[in-house]
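Open the structure in your viewer and keep the selection panel at hand. We will go from one selection to the next.

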Amino acid sequence: MTFLLLLLFCFLSPAISSAHSIPSTLDGPFVPVTVPLDTSLRGQAIDLPDTDPRVRRRVIGFEPEQISLSLSSDHDSIWVSWITGEFQIGKKVKPLDPTSINSVVQFGTLRHSLSHEAKGHSLVYSQLYPFDGLLNYTSGIIHHVRITGLKPSTIYYYRCGDPSRRAMSKIHHFRTMPVSSPSSYPGRIAVVGDLGLTYNTTDTISHLIHNSPDLILLIGDVSYANLYLTNGTSSDCYSCSFPETPIHETYQPRWDYWGRFMENLTSKVPLMVIEGNHEIELQAENKTFEAYSSRFAFPFNESGSSSTLYYSFNAGGIHFVMLGAYIAYDKSAEQYEWLKKDLAKVDRSVTPWLVASWHPPWYSSYTAHYREAECMKEAMEELLYSYGTDIVFNGHVHAYERSNRVYNYELDPCGPVYIVIGDGGNREKMAIEHADDPGKCPEPLTTPDPVMGGFCAWNFTPSDKFCWDRQPDYSALRESSFGHGILEMKNETWALWTWYRNQDSSSEVGDQIYIVRQPDRCPLHHRLVNHC
């Protein structure tokens, strides 16, 4: 009996057995560390070609391809998405009729007895350019089916397609999320950003699969289709190579290549995506985000949002908030009002952990995109802080950086831990320069992203400078390497964060820390913020 009690105590207190080797946020704040750049990692930022068998179409007729899963707002439902029919690209394209084929998922808890059926909706989107010489695109038929009435923590088998056309997929399977409670969590949550479809990407995904995640967060910048002209010509820097183009073109087939490459993973593990700047993809009639909003299913309606660009969902005892940086976010905006209502509804006795994600970081010390999202920070940071947000994931900067707990640039034991993980492997290569390096501080007025609003970075450093003279205190660890992260909630107060680098073996750790909530020290609801 004594031995069993000791085992139980060690399980409930991760630091008991691991504190000697794995630090926790209770040990912080940490002295800032910069890992030296490994110059051998600059290569291989090359996209997979359309001849690679991993991106070629492997189905015929209206058989499903690019199958993917995404969560609904809670454990009892899940979205299944796929594409049927071939895309078209050319001067003149004729969209397929989405009503010409049904959207059906057959599912059940036994592989050879798929006794349940769900039906959904389908759509086609186009990417059109009103200029001579540019090629237009129209997608295959995209299907989204929401399955409901599912049991928690249960394996379900499914196939999708149109049984009346004998166009069904092979049988796949998924595991539902655990019921929301302070004692139940997904086993492993993979976090990756700025993924693209390069040979670095293939390494990232190979390592990620080896870690057997139950859920994947993709923090923006998915296919990088907008680094291509409509004729398929590519560049590491679009504005550098194609400065005279009449509109920022995109090569939409890269989305199809990406969906095919990812299918072996996304047909089994739910993928939750939030938009990045590479998903904007402006086209005729000033339409934006068409590929992003059409290809993925989002629980935005279920979570009370009116937009695919921001939403929330639960996964066991975690409430995730996915925010849009490229849609209005100021305090008079619909997104801000939605966020206030969403946070007010969170019951921390049921979902103790609050995790937020959006694409461009508020806390990054790299020169790339330095303080670019300051207007969003000014609008939303206080609200997220007041509700006790525990962890924030961002991408955009193509490197890894983990913060100390921070609020308004000051170390704060009740602030979130911010993790920048925009190192998935895209072709734009890594960020390697820091704003505190000599001569690398950008001019303040060059930093705002015009899509995100004007200049808001008036809150300078304690020495009244735009950049710190050394690695900022809020920056605990930074490294320019490609990789991905794994988040594991151990209980309602302890979570293990691990970052894996592509250049290492899949079991070697690049960074690891226990993130510890302190609800007694940091009240969970409506913390008052001192404005003095």
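**A tour by selection**

Select Tyr 125 and Tyr 137: both are buried. Keep in mind that this model is predicted. Now show the two rings. Their centres are 5.8 Å apart and their planes meet at 40°, so Tyr 125 and Tyr 137 make a tilted pair. Tyr 125 sits in the loop between strand 7 (121–123) and strand 8 (126–127), while Tyr 137 belongs to strand 9 (residues 136–138), so the pair ties together parts twelve residues apart in sequence.

Next, select Phe 296 and Phe 298. The ring centres lie 6.3 Å apart with planes at 65°, so this pair is edge-to-face. Phe 296 and Phe 298 are both buried.

Across the whole structure, a search finds 32 aromatic pairs.

Now zoom out and select the chain. Switch to cartoon: there are eight helices and 28 strands. The radius of gyration is 23 Å, close to the 24 Å from the globule rule for 532 residues, so the chain is as compact as a globular protein of that length. Along its principal axes, the C-alpha trace spans about 65 × 60 × 45 Å. Of the 532 residues, 59% are buried.

The accessible area of the chain is about 21,300 Å², and carbon and sulfur atoms hold 53% of it. Then colour by charge. The 43 positive and 60 negative charges have mean positions 7 Å apart.

Terms used. Residues are numbered from 1 along each chain as its sequence is written. This is a predicted model: local features need pLDDT of at least 70, side-chain atom pairs count only at pLDDT 80 or more; totals for chains, interfaces and linings use all residues. Side-chain values use heavy atoms; hydrogens and water are left out. Helices (H or I, at least four residues) and strands (E, at least two) are DSSP runs, numbered from the N terminus. The radius of gyration is taken over C-alpha atoms; the globule rule is 2.2 Å times the number of residues to the power 0.38. Buried means under 20% relative accessible area, exposed over 50%, partly exposed in between (1.4 Å probe, protein chains only). Accessible areas come from the Shrake-Rupley method with a 1.4 Å probe; for residues, only the protein chains shown count as cover. Lys and Arg count as positive and Asp and Glu as negative; His and the chain ends are not counted. The place of a charge is taken as NZ of Lys, CZ of Arg, CG of Asp or CD of Glu. Rings of Phe, Tyr and Trp (its six-membered ring) pair if their centres lie within 6.5 Å; planes under 30 degrees apart count as stacked, over 60 as edge-to-face and the rest as tilted.
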